[in-house]
Structure formats: structure tokens, C-alpha cells
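This report looks at selected local features of the structure shown below, taking backbone geometry, sheet arrangement and charged contacts in turn.

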Amino acid sequence: MTTTIRHHISDRLLMAYAAGTLPEAFNLVLATHLSLCDDCRARLGAYEALGGQVLERSDMAMAEGGLAACMARIEGLAPVARPQPRPARGVFPAPLAEYVGGGPDKVKWRPLGMGVRQAILPTSRGATARLLYIPAGQAVPDHGHRGTELTLVLQGAFADSTDRFGRGDLEIADEDLEHTPIAEAGEDCICLAATDAPLRFNALIPRLLQPVFRI
Amino acid sequence: MTAEAGEDWTAHLLAVRDRQDRVAFAALFQHFAPRVKGFLVKSGTSPALAEECAQDVMATLWQKAQLFDPERASVATWVFTIARNRRIDMARRAARPEPEDLPWGPEAEPDQHAALELAQETALLGDALARLPQAQRALIEKAFYGDLSHSEISEQTGLPMGTVKSRIRLALDKLRQSFEGARG
């Protein structure tokens, strides 16, 4: 069990996740963090309980015959059994592993220069998800944000002006944060990131490359 | 089972889960189907489609009754998550990856006390929601109906939820206890 996660999902994001109103790319990052973090799973349960109480207050009369129609539907349904617990996991928790079809070796990485690699994951419009591979000790080009960027560490660690982020840690960066994440020495760093707006690189060259790499 | 004490929906759903009890299911349907319908209509679904989906959600409740764990969620909470997922499917707004369904430790003996405490905590959360000033309650409801973007939630509410926030924390404590109990 991971007990060292220090950076968690904010209340605001967790409530929106519980409500089911976030774009797919954010859902993917949060579901992956939740797969690693008991604390956020319990907090999610509390926000879902709030959703249950909103539902309790949303009464609206049903038409006649609803129950009979529902029982007719049930006749054809096979019961769903409790799933077996899964075996021990690798670097990618299940929600992410399903997107890439396995672990880091299954990712179709594309070089970004300086040994940094990325892979855009297919998600619906509204936000973009990508995996980032940063060699130990290497920096990611300095960038700011127009929207919200979520970055989840899956392997290794990185540090920026705000703090250190290790496996399971989630950084939530908004428009105010201009940062240069640097991968820690020792182990190459793999992150899952999602943003609801294109990144804004400060150096000229990466900015020109932005349309090419869709970042 | 008096109206004052509130129906024990957990017992009803366990009867469905363990005995396919149709009388218990009918009672669950009478209570929750109209709420699922209302929830979906307030989320922007047409009444006719919401009616259809409410039947669908309740059929899913029957079908997935084996997955219900009263230490993790009250029936209202569980119905909400099914209805929410149905709404996401309908909107095709976004596929929703679900967190890995981690086991809660070795198969522990069901702890009726923990389940009861969670149900009570959840009911108190509902009371706190009911007592909020109308404007604040409306914001929370809009957040769950999907009428607010997540940035609007932060700008407009900053989650000034007062008693609701402290009840969320207490419900969370119960969930954590049951979590730790299961993990041993």
C-alpha cells in the first residue's frame, strides 16, 4: 500500500469528479490517482454521499406502470457477480493500463528532444491527456498554463518551484503557475498529465513545435 | 419501520441482494425511481427519457445488487452513482475511467454496526443539506446536476458549505474507519 502520497485531489475537483461533470482526460488522471490513494477514495465516497442526498431531494412523479415495466426488464438480465480482486499491479494502475493496453513498454512514445518523450492518449474533446517520460535529472521545458493542468507521477519523481512530487502525487497547476519541473536523479520519471487548454511554452522553439506535437 | 425513523433501505437492498426479494425491490423502486427521474430531468434530460432511464437504473440496481457493500455506501449514495454513470453514458460527454476496484482487505465479516453508522451519517448529511440557506444549497445541487463547470464551482462557491462540509468530514471518518477495519 502506498502511504507516502502527499499531494491529493482538491475538494473542488473531487466534487466535480463525484458529480461526473469533468472531461474524460481529467477523469482518467483522477481515476488513476484514486487507484493509488485510499485517502482520496474515502473522500470520494463522502462526496458521492452528498450526491446521494441531492438525489434524495430530486423527487419527480413517475408514470403509471413503471415498476411493472422495470420488472419486465429485469427478467432478461443476468446478475453481475462481484469481481475478483486483481493481481498486483505494475507501474500503470488499471484505468491507465486499459488506455495504453499495458505498461510503459506498450506506450507509443514520441521524442520531444533532450530525451524527453510523450504520448498523447485518445480522449474526447474538452481536455487532453498525455504520458510524459523524463530522463532522471532532465528538465521539462519551462511552461505556463492557460487552463488547469493535472500531473500525476507514476514512476520516479520530479520537483519544481512548489514542491517535490513522487509516485501517486498529483500536482494541480492553474494559470498562475509558471514552472520548470525537473526529474529527480536516480530513476526516470513517468507522469500522466491532463490539461483543458494548450500548454504555453516560454521558449520560442517549443512554442513553434507546439502544433506539431499537439501539446 | 415507521416513517419517522425513515425506511431502512439498506435492509431492503440486502434482501434483494441475498434473496431476490421482489417486495423489497418494489419498495426501493417506489422511493428511488422518482428521485432518479427528477435527478436526470434537473440534469437536462427530457422527462420521457428520464422515465426510461430511471427504470434502467433501477434494473441495474437489481442486476448489480451483489456489488452493494453497505459499509462503503448508503443505498441513496449507490443509486446516485448508478444514475450519474447512466447520465454520463447518455451525454457521451466523456468516457469515464473508473478507479481500480481494490479489495478492502481480506474478506472481512460484514460489520453491521459500521454499515449502520455510515447510513446514519449519510442521513445527517442530508439534514445538513436541507438546512443550508437556499442559495448555497442550490449551488451544490447545480454542481451535481452538471449545471456548473468546475471552475464556476470554485469561483461561485469556494465551497462555503458550512455544516455540510463538517458532515462530509464526519461521513468521511466513518468511511475511513470501515476502510481501515477491512484492511486490518
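## Backbone, sheet and salt bridges

Because its relative accessibility is 65%, M114(A) counts as exposed. This value, like the others in this report, is computed from a predicted model. M114(A) sits in the loop that runs between β1 and β2 (116–121) of chain A, and its phi is near 60 degrees, a positive value in a residue other than glycine. Most residues other than glycine have a negative phi. A positive phi is also found in chain B, where Q20(B), likewise a residue other than glycine, has a value near 45 degrees. Q20(B) belongs to the loop between α1 (9–19) and α2 (22–42) of chain B, and with a relative accessible area of 46% it is partly exposed.

The strands on either side of the M114(A) loop, β1 and β2 of chain A, also take part in an open sheet of six strands, whose order is β1-β2-β3-β10-β5-β8 and whose pairing is antiparallel. At its edges are β1 (110–113) and β8 (170–173) of chain A, each of which pairs on one side only. From one strand to the next, the twist averages 25 degrees. Within this sheet, strand β3 (residues 128–134) of chain A is joined to the antiparallel strand β10 (residues 189–195) of chain A by seven bridges, and Y133(A) has I190(A) in β10(A) as its bridge partner.

Over all chains, the structure holds 15 salt bridges.

| Salt bridge | Distance (N to O) |
|---|---|
| E48(A) and R84(B) | 2.8 Å |
| R35(B) and E56(A) | 3.1 Å |
| R22(B) and E75(A) | 3.1 Å |

The salt bridge between E48(A) and R84(B) joins two chains, because E48(A) lies in helix α3 (residues 38–56) of chain A and R84(B) in helix α4 (residues 75–91) of chain B. Both E48(A) and R84(B) are buried.

The side chains of R35(B) and E56(A) also meet in a salt bridge, and this pair crosses from helix α2 of chain B to helix α3 of chain A. R35(B) counts as buried, since its relative accessibility is 14%.

R22(B) is partly exposed, at a relative accessible area of 41%, whereas E75(A), at 53% relative accessibility, counts as exposed. Elsewhere, R73(A), E52(B), D56(B) and R86(B) are joined into one network by salt bridges that share partners.

Technical notes. Residues numbered from 1 in each chain as written. Chains lettered and ligands numbered in written order. Predicted model: local features only at pLDDT ≥ 70, side-chain atom pairs only at ≥ 80, totals over all residues. Heavy atoms only, no water. Pairing = 2+ DSSP bridges. Helix = DSSP H or I, 4+ residues; strand = E, 2+ residues; numbered from the N terminus. Axes fitted to C-alpha atoms, helices over the stretch in contact; angles between N-to-C directions. Buried < 20%, exposed > 50% of the residue type's maximum accessible area, 1.4 Å probe, protein only. Salt bridge = Lys/Arg side-chain N within 4 Å of Asp/Glu carboxyl O.
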